[in-house]
Amino acid sequence: MKFFLPITIPTFLIIGLSFVSSYVLSPREEKSEWGYLGSNGPAHWYQLNETYATCKGIKQQTPIDLKDEDFTHPTKITLDVIKKTDLILLNNGHTYQVQRSEGTIDKPALYEDATLKVDGETYYLLQYHFHMPSEHHIEGRDLLMEGHWVFRTSDAKLAVLGVFFDLGECEDPGLNPIVEIINKPHEHVNITISLTEQIFKEIKTVCIYAHLTTPPCTEGVRWFVSPDVRSISPAQFKSLKYVLKYNARFTQKRLDGGEPTSHEPWKPKFAH
């Protein structure tokens, strides 16, 4: 049985958000139970805490190595942001994530005016964050970075939209407000950012029924991953790499028989 359903996004995800915040970004070196290297890395997550047992479960894990043929027979979903809100940028010890100020790092507040709709269900934005390098691969190749937009329904079902970023000639204007402040991890930062950036047009994606890529590796998540790639400039990459360092889980074996990785060359198709 195949575990993925290819889909297409024919509408827009508009980031029309206003950051009005004062906060401190914590040092990346703060201690955490799990990480990405060594004895608390991905290969050992299931041993670190009994609640992480699903990180070695029998169901499909993520990330995986995607193939070109996965992105066929598209199905429609709708993404939209229709209202501005106050957001903050936080360091959760593993990545930097953007969320509403009303929630906590572990329990972000739902943003009900940012939605993902598919198959008659509406998912609301919880937070978005970044992994470097990309967690999912395409034809055996990872890219410089992957953004994850995490959504949840009112009855706690989860969906994640995965978007690739790679080095190109153009910067991504949607990342600039984050890049400008992310390298000030030890300072109070008061910022006001008004951002109206159309970041997705019509794109093909693959839908994977799998786990989250981080502990506790929650099951039953609907993943939507696009092969289209956002371009980031060398300056943006340098700023993000300085703070994100390495925070990607290795690819997992596909239940449809695919190996965790392959070695076929893959050329990114930049989204415009």
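The model is predicted, so local features are given at pLDDT of at least 70 and side-chain atom pairs at pLDDT 80 or more, while totals for chains, interfaces and linings use all residues. Residues are numbered from 1 along each chain as its sequence is written, and side-chain values use heavy atoms, with hydrogens and water left out. Helices (DSSP runs of H or I, at least four residues) and strands (DSSP runs of E, at least two) are numbered from the N terminus.

- Five of the five residues of β5 (residues 87-91) are buried, so the strand is largely enclosed by the rest of the structure. Buried means under 20% relative accessible area, exposed over 50%, and partly exposed in between, with a 1.4 Å probe and protein chains only.
- In a regular strand, side chains alternate between the two faces of the sheet.
- L87, L89 and N91 point one way from β5, I88 and L90 point the other way, and all are buried.
- β5 pairs with β6 (residues 96-100) in the antiparallel sense over five bridges. Two strands pair if DSSP finds at least two bridges between them.
- Four residues lie between the strands of the β5 and β6 hairpin, where G93 takes a positive phi near 90°.

**Backbone geometry in loops**

- A cis peptide bond joins T62 to P63, with omega near 5°. P63 lies in the loop between α1 (45-48) and β3 (65-66).
- The peptide bond from M132 to P133 is also cis, with omega near -5°. P133 is in the loop between β8 (121-131) and β9 (137-138).
- C217, although not a glycine, has a positive phi of about 55°. C217 is found in the loop between β13 (203-210) and β14 (221-232), and C217 counts as buried at 0% relative accessibility.
- K245 is not a glycine either, and has a positive phi of about 55°. K245 lies in the loop between α3 (234-244) and β15 (269-270), and is partly exposed, with a relative accessible area of 40%.

**Aromatic and charge contacts**

- The structure holds seven aromatic pairs. Rings of Phe, Tyr and Trp (its six-membered ring) pair if their centres lie within 6.5 Å; planes under 30 degrees apart count as stacked, over 60 as edge-to-face and the rest as tilted.
- One of these pairs is W34 with W45, which is edge-to-face at 5.3 Å centre to centre and 75° between the planes. W34 lies in the loop between β2 (13-24) and α1, and W45 in helix α1, so the pair ties together parts that are 11 residues apart in sequence. Both W34 and W45 are buried.
- Y36 and W45 form an edge-to-face pair, 5.9 Å centre to centre with 75° between the planes. Y36 counts as buried at 10% relative accessibility, and W45 is buried with a relative accessible area of 0%.
- Y128, F130, W149 and F165 are linked into a cluster by ring pairs.
- The charged end of K245 sits over the ring of Y242, 5.6 Å from its centre. A charge sits over a ring if NZ of Lys or CZ of Arg is within 6 Å of the ring centre and within 35 degrees of the ring normal.

**Cavities**

- There are three cavities of 30 Å³ or more. On a 1 Å grid over the protein atoms alone, a cavity is a set of points where a 1.4 Å probe fits but cannot get out, and a pocket is an open set with protein on both sides within 12 Å along at least five of seven lines; lining residues have an atom within 4 Å of a point. Grid points are joined across faces, edges and corners, and a volume is the space filled by probe spheres set on the points.
- The second largest cavity holds about 50 Å³ of space. Of the 11 residues that line this cavity, L87, V98, Q99, L125 and L126 are the closest to its centre.
- β6 and β8 are the elements that give two or more residues to the lining of the second largest cavity, and β8 gives the largest share, four residues.
- The lining of the second largest cavity divides into eight nonpolar, two polar and one charged residue. Ala, Val, Leu, Ile, Met, Phe, Trp, Tyr, Cys and Pro count as nonpolar, Asp, Glu, Lys and Arg as charged, and the others, Gly among them, as polar.

**Largest pocket**

- About 770 Å³ of space lies in the largest pocket. The largest pocket has 29 lining residues, of which D106, Q127, L212, T214 and P215 lie nearest its centre.
- β8, β10 (145-152) and β11 (158-167) are the elements that give two or more residues to the lining of the largest pocket. The largest share, four residues, comes from β8.
- By class, 12 nonpolar, 13 polar and four charged residues line the largest pocket.
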